[in-house]
Amino acid sequence: MIFLAKTSVAPSRSMKDNRIPSDLTVRDGKLRERTGKWFFLMLALTIIELMLFASLVPHLEKEYLAQTILLLIAYIAVEWGYYSVVGIAMQRRMEIELAGFMLSSISIAITASVFPEKLLMQLATTVVGVGAFAFLVWFIGSVNRVTYSRIFAAVGAVGLLGATLLLARITNGAKNWLAYGSVSVQPSEFVKIAFIFVGAATLDRIQNAKSIMKYVIFSMICVGLLFLTFDFGTALIFFATFLIIAFLRSGDIKTIVLVCAAALLGGIGIILYKPYVATRFANYRHVWDYVDAGGFQQTRAIMYSLSGGLFGVGLGNGKLRYIKYATEDLAFGVVCEELGMITAAAILIAYVLLLIYAIRGARYARSSFYAIAACSAAGLLVFQASLSAFGAMDILPFTGVTLPFISRGGSSMISSWGLLAFLKALDIRTYPKVLRELYHS
Amino acid sequence: MNTISSRAKILYALAGLFLVGAILVALTFVLHGDEYAMNSRNRHIYSGNVLISGGRVLDKNGKVLTEVKNGERRYNDSARIRRATLHVLGESGYIAGGVLEKYSAELVGYNLITGVFTAKEKGGNDVRLTLDAELCAEAYEAMDGRKGAVGVYNYKTGEIVCMISAPSYDVKNKPSDIDTNPAYDGAYLNKFIYGQYVPGSTFKTVTAACAAENIPDIFARKFYCSGQYDTGDGVVKCNDVHGELTFEQAYNRSCNAVFAQIANEVGAKKLENAAARMGVKSSFEISRLNTARGSVDLSKTSHTDLGWAGIGQYTDTVNPCNMMMLAGAIANGGETRIPYFVDGVYSTEGALIKDEKNTQTQTLVNTTTASVLKQLMRSTVTDYYGERYFPDMKMAAKTGTAEVGGELSPHSWMFGFSLREDFPYAFSVIIENGGSGYYGAGEVASQVMRSLFDGK
């Protein structure tokens with residue numbers, strides 16, 4: 001443990017020489033960054049959000065009008081509150097949060113329009129998500145904390161998934177919801193954060209085969225438990241994330257191929273023993289042949305996406321929203337239809353940009369934990385987004401996973417923000433104290 | 001960190017695959033967008049299978065056949081026009097191949113850029129037809145409750161002015177016994193486009209064409225009809241004892257004996273080829289509808305079968321639209337425009353969005369044969385039928401009385417064309433079990449063509 005902490009926290013010589021980003025200036029003897037641009041970007045964000053929100057207000061029912069407007073304004077206030085503290089007072093960069101705010105505002109807008117009675121919940125979970133993001137950014141700032149807590153995260157993750165398997169009732173073919181009173185949560189969403197946390201933290205000891213084995217076992221337990229809950233989409237996301245982490249850690253493409261082959265065999269085995277698993281995906285690429293049966297959701301998502309054209313029919317004018325779970329499972333279709341394909345494409349590009357941000361930023365990471373965590377979190381988001389968006393469009397099998405930040409639902413929103421924390425932590429400027437030490441040493 | 005960051009570059013592959021996924025979505029939208037968006041389950045534009053968004057369909061005179069008002073699809077006020085244009089417009093879920101189905105994207109004004117915006121904001125687009133709804137109504141009434149089809153088109157331009165299929169029904173007051181009452185059998189089919197009927201003596205036109213091309217002295221020959229033709233392995237009965245006849249007289253009087261003899265003289269292969277060249281076995285695209293193919297299969301015929309096939313019996317079938325085209329081609333020197341009934345798509349302001357006129361031509365007979373057939377069909381009217389049915393029209397025609405077996409009355413056929421330069425119309429009429437071609441289909445053709453001629 002001590003060895004690990006030492007190697008990962010202490011900045012290396014090469015980092016001191018090359019890796020202090022060039023857009024920093026020294027003012028009053030302190031390392032400073034120009035912060036004015038964040039104000040204008042916040043302003044732009046607010047204008048876009050106001051336009052988005054204004055477009056949905058005319059369609060609102062009277063009984064929700066005042067409450068909805070108030071909550072939408074509250075959301076913008078939360079953003080400016082965050083900016084005042086983090087951007088102005090603490091002088092931090094804002095690009096990651098801006099992306100998160102922009103994406104979240106779309107699900108806020110869609111929720112306000114489709115389920116005005118659930119807007120408060122959506123807003124509250126977004127605020128919790130931002131809070132979780134801030135907490136995680138602080139928490140993983142110290143590799144010591146990461147190292148000591150990773151065992152708890154691992155146990156917690158397995159415990160949560162195990163509890164889900166035992167306690168959850170089957171909803172829509174999967175046992176992935178835990179309900180307590182009127183509140184229901186999807187524990188696998190939170191486990192995503194722990195999964196990356198554990199994976200990235202364990203991997204600091206790169207040459208140790210035993211620790212790889214431990215992580216492989218942990219991963220297989222997680223994926224296995226998810227399989228048992230029939231939540232194949234999430235299981236697939238975990239598996240993909242495992243592959244990313246395993247590769248980043250080992251660089252061993254042969255092992256990855258081997259693992260994939262083993263997984264494929266396992267998959268075939270499952271299909272042989274439990275043929276009904278395969279029938280869930282029997283409509284794939286044939287949804288129009290089962291237009292009122294197994295292809296119901298996908299065909300609706302496609303026809304209504306097309307109906308929206310490039311610019312959308314406008315918030316409140318859509319028809320896909322009347323399909324059950326559209327704002328969750330078919331969120332991409334709802335965006336296409338009501339906000340248009342250009343907005344939908346922009347959202348997809350946003351995910352890719354987050355991934356590119358992580359890949360490029362990995363060079364400047366202060367330790368492998370931050371590089372692996374950021375890359376695998378961004379990889380997870382992109383993979384999940386593709387399952388969700390392309391699954392709804394029948395390009396990939398439809399698994400009903402959520403579209404990060406966009407789908408309605410608290411667990412998914414909190415999880416998306418939590419994953420974003422790993423990207424934020426990648427940037428060394430997030431931790432000025434570390435940066436100053438680096439600069440002055 | 002260098003190792004990790006260089007390994008991280010493999011994630012560019014993930015980003016690349018993601019973009020490939022997005023491109024595949026875009027490709028699906030571009031290639032199949034119209035079809036998928038126009039699905040009758042799309043609640044933007046359909047309600048209970050009815051296209052409730054966008055778009056009027058107008059006849060050639062601007063008469064509104066159907067439009068949407070207050071989110072509901074309305075049809076023409078007149079029940080006779082509703083019945084006559086039912087198959088042209090179609091009824092989703094019941095009658096396939098209607099304009100409302102085939103032109104739904106144009107009616108809605110759907111495209112990938114604006115989606116269903118045009119329909120929502122501007123009420124869609126207009127589809128204008130070449131049909132004269134009033135003429136269609138008259139044709140449907142002339143059928144007088146009998147089943148069958150009528151089509152009339154301008155063989156110089158290809159515009160179909162009349163096209164009806166019977167039985168029809170009033171879409172606004174759909175009969176409750178439609179699925180049980182035999183009077184409505186076949187009501188869901190546009191028989192003019194999709195029907196296949198035994199041609200009877202109209203097929204003698206094909207046999208005549210084959211004879212003209214293959215028997216050099218055909219016009220110099222004398223034939224003899226004893227009331228039947230003995231083929232060697234059976235007999236083909238004639239409708240009369242015609243005695244000595246020329247080829248032309250045999251065609252005029254529709255002599256079975258002579259044409260059974262001619263069929264055997266030219267042989268199965270040549271007759272089948274002639275039928276194929278004349279389009280009998282082809283499907284033509286008529287304003288996005290593909291006509292049913294006729295059938296002439298003479299591969300295993302006895303002499304008697306071949307004799308019967310030569311007079312349009314045996315297993316021969318033809319499509320009414322195809323027969324109309326054949327008449328038009330003969331009138332027009334062997335070549336005809338491919339008929340169409342959708343003129344174009346217009347914005348509600350009247351601007352042309354999409355021209356749907358078909359300018360393609362099809363050669364069905366060579367010029368020499370066309371003039372022979374023209375003469376045969378013209379003399380059939382002048383020397384045999386008389387001009388009573390088609391005064392002043394310089395009409396050329398041929399009837400058919402097609403035996404359909406059993407106790408059933410034969411199908412009644414007539415097809416023909418006007419030779420007047422200022423009245424370049426060709427027609428075909430089929431009445432199922434309508435009895436004599438001359439008295440059944442001839443009467444209907446007469447009414448329709450006179451009405452068209454008077455309104456000219």
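Modeller: Happy to! Let's begin with the chain as a whole: chain A has 19 helices and four strands, where helices (H or I, at least four residues) and strands (E, at least two) are DSSP runs numbered from the N terminus. Residues are numbered from 1 along each chain as its sequence is written, while chains are lettered from A and ligands numbered from 1 in the order in which they are written. This is a predicted model, in which local features need pLDDT of at least 70, side-chain atom pairs count only at pLDDT 80 or more, and totals for chains, interfaces and linings use all residues.

Of the 441 residues of chain A, 49% count as buried. A residue is buried if 20 or more other C-beta atoms lie within 10 Å of its own, exposed if 12 or fewer, and partly exposed in between, with C-beta atoms placed from the backbone.

Now for our helix, α13 of chain A, which covers residues 296–308. It has 13 residues and reaches 19 Å from its first C-alpha to its last, close to the 18 Å expected at 1.5 Å a residue; that expected span is 1.5 Å times one less than the number of residues.

Where does α13(A) sit? Twelve of its 13 residues are buried, so α13(A) is largely enclosed by the rest of the structure. Among the buried ones are Q297(A), R300(A), Y304(A) and G308(A). An α-helix has 3.6 residues a turn, so residues three or four places apart point the same way.

What do the buried residues of α13(A) pack against? In chain A, their partners are α14 (326–329), α15 (331–339), α16 (341–361) and α17 (368–392). α2 of chain B joins them. Here, two residues are in contact if their C-beta atoms, placed from the backbone, lie within 7 Å. Just after the helix, G309(A) takes a positive phi of about 65°.

That partner from chain B leads us to the interface. The contact takes 35 residues from chain B and 34 residues from chain A. On the side of chain B that touches chain A, the elements giving two or more residues are α1 (2–8), α2 (11–37) and α7 (117–122) of chain B. The largest share of that side, 15 residues, comes from α2(B). So the helix that packs against α13(A) is also the one giving the largest share of chain B's side, as α13(A) is itself enclosed and α2(B) supplies 15 residues.
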